[in-house]
Amino acid sequence: MTDSYVYDTVRTPFGKFGGALAGVRPDDLATLVVRALVERAPDLDPEAIDEVVFGNANGAGEENRCVARMATLLADLPVTIPGTTINRLCGSSLDAAILASRQIATGEADLILVGGVESMSRAPWVLPKTERAYPAGNLEAVNTALGWRLVNPKMPGRWTVSLGEATEQLREKYDISRERQDEFAARSHQLADAAWGNGHYDDLVVPVPLRKGDALTRDESIRPGCTPDSLRGLKAVFRKEGGTVTAGNASPLSDGASAAWIGSERGGRILGAAPIARVAGRGAAANEPEYFGYAPVEAASLALRRAGITWSDIDAVELNEAFAAQSLACLDAWEVDLEKVNAWGGAVALGHPLGA
């Protein structure tokens, strides 16, 4: 098996729902990071790109079914480069990287451009088709931005609760207090703000041009000066009585795109770049849908076992912060030192464009 490596990464700033990026199509966001990644490898002959693989969780609108292919064409890359789009919801772009690394490992490819994109602001409303022609009643448009939609009535109701209610159930099961959630969320904002201030994101984030010559250059959702005290006054969103999940300790709806090079050693020579990291293990796992936020526990543990290492060997952890409560449940299960986690902020602060 051939080792696979990460060679470079870029992303857009993440915009608020209805914010600065709401006027930018998702295929254009994807095109922007594809072009940026190619331009950062001036020695690259684009004909050498074996494939483009993108994650996307919605795909119901301007992504035009296969946003990887759309971005490849819009970026003026050779039309002979195939593109595929993967949907594992919030894990979609990570799954794109996993798929690419497997292709490298089996010798089927040497250089793959991977990424992910989501415009939750521009996710369309959809109308179901009717069971019979010319119905007399009204039809309800369904928002495709987040969560369940057009649910099969055979699905058990406990599976199809909102993501926020599911998180409330998860924090009850694992006894995650509101205080811990707010402390975790404030830490995310503080670290993200500090990382931007220290220049950590300067070479990782590419500006998004906007109308009238403006550009978005920084993540919109970060709250400078955020503290646990400032978050405690926010009301719970999903439960009127006894709820703990608020707009402050959950990731926001966001718009944005990301991209990376995954390649073999030969792929690095094609790029003229040195590797940033080696892909040592992969893992995916599932559990009861209402406890979706706990699935990373087994997925990451499986990846570690396949890599032949343990948590004691890990110096840095990047965990998607869908909600502070589910992040804390995962970290408690792993018994990971919080100081090693999301050192430059996480999704609660940076934003969470699902497929990116």
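Modeller: Helix axes are lines fitted to C-alpha atoms over the stretch in contact, with angles from 0 to 180 degrees between N-to-C directions. The model is predicted, so to speak of local features takes a pLDDT of at least 70 and side-chain atom pairs 80 or more, while totals for chains, interfaces and linings use all residues. Residues are numbered from 1 along each chain as its sequence is written, and side-chain values use heavy atoms, without hydrogens and water.

Biologist: Let's start with α4 and α9. At what angle do they pack?

Modeller: Helix α4 covers residues 163-173; helices (H or I, at least four residues) and strands (E, at least two) are DSSP runs numbered from the N terminus. The axes of α4 and α9 sit 9 Å apart. The angle between the two is about 35°.

Biologist: Which residues of α9 make that contact with α4?

Modeller: Contact here means heavy atoms within 4.5 Å. From α4, the contact uses Thr167, Leu170 and Arg171. Facing them on α9 are Ala325, Gln326 and Ala329.

Biologist: And α8, which also packs with α9: which of the α9 residues touch it?

Modeller: Helix α8 (residues 296-307) meets helix α9 (residues 324-334) at about 40°, with axes 9 Å apart. On the α8 side, Pro296, Val297, Ala300 and Ser301 make the contact. Their partners on α9 are Cys330, Ala333 and Trp334.

Biologist: Moving past α9, is Asn342 buried or exposed?

Modeller: Asn342 lies in the loop between α9 and α10 (347-350). Its phi is positive, about 45°, although Asn342 is not a glycine. Buried means under 20% relative accessible area, exposed over 50%, partly exposed in between (1.4 Å probe, protein chains only). With a relative accessible area of 1%, Asn342 is therefore buried.

Biologist: Now Thr244. Which residues does it touch, leaving out those up to four places away in sequence?

Modeller: Look for Thr244 in the loop between α6 (228-232) and β10 (254-263). Thr244 has 9% relative accessibility, so it counts as buried. On that count, what Thr244 touches is Glu168, Arg171, Arg178, Gln181, Ala236 and Asn249.

Biologist: Over to helix α2. Within what arc do its buried residues fall?

Modeller: Helix α2 spans residues 67-74, and its buried residues are Val67, Ala68, Ala71 and Thr72. Seen down the axis, these residues line one face of the helix because they fall within a limited arc. That arc, taken from the directions from the helix axis to the C-beta atoms, is 140°.

Biologist: Which residue with a positive phi follows α2?

Modeller: Check the residue that comes after the helix, where phi is near 65°. That residue is Asp76.

Biologist: How far apart are the C-alpha atoms of Pro128 and Leu150?

Modeller: Pro128 is in the loop between β6 (125-126) and β7 (142-143), whereas Leu150 is in the loop between β7 and α4. The two are 22 residues apart along the chain. Beyond its neighbours within four places in sequence, Pro128 is in contact with Leu139, Glu140 and Leu150. The C-alpha separation of Pro128 and Leu150 is 7.4 Å.

Biologist: What relative accessibility does Leu150 have?

Modeller: Pro128 is partly exposed, with a relative accessible area of 26%. Leu150 has a positive phi near 50° without being a glycine. Leu150 also counts as partly exposed, because its relative accessibility is 49%.
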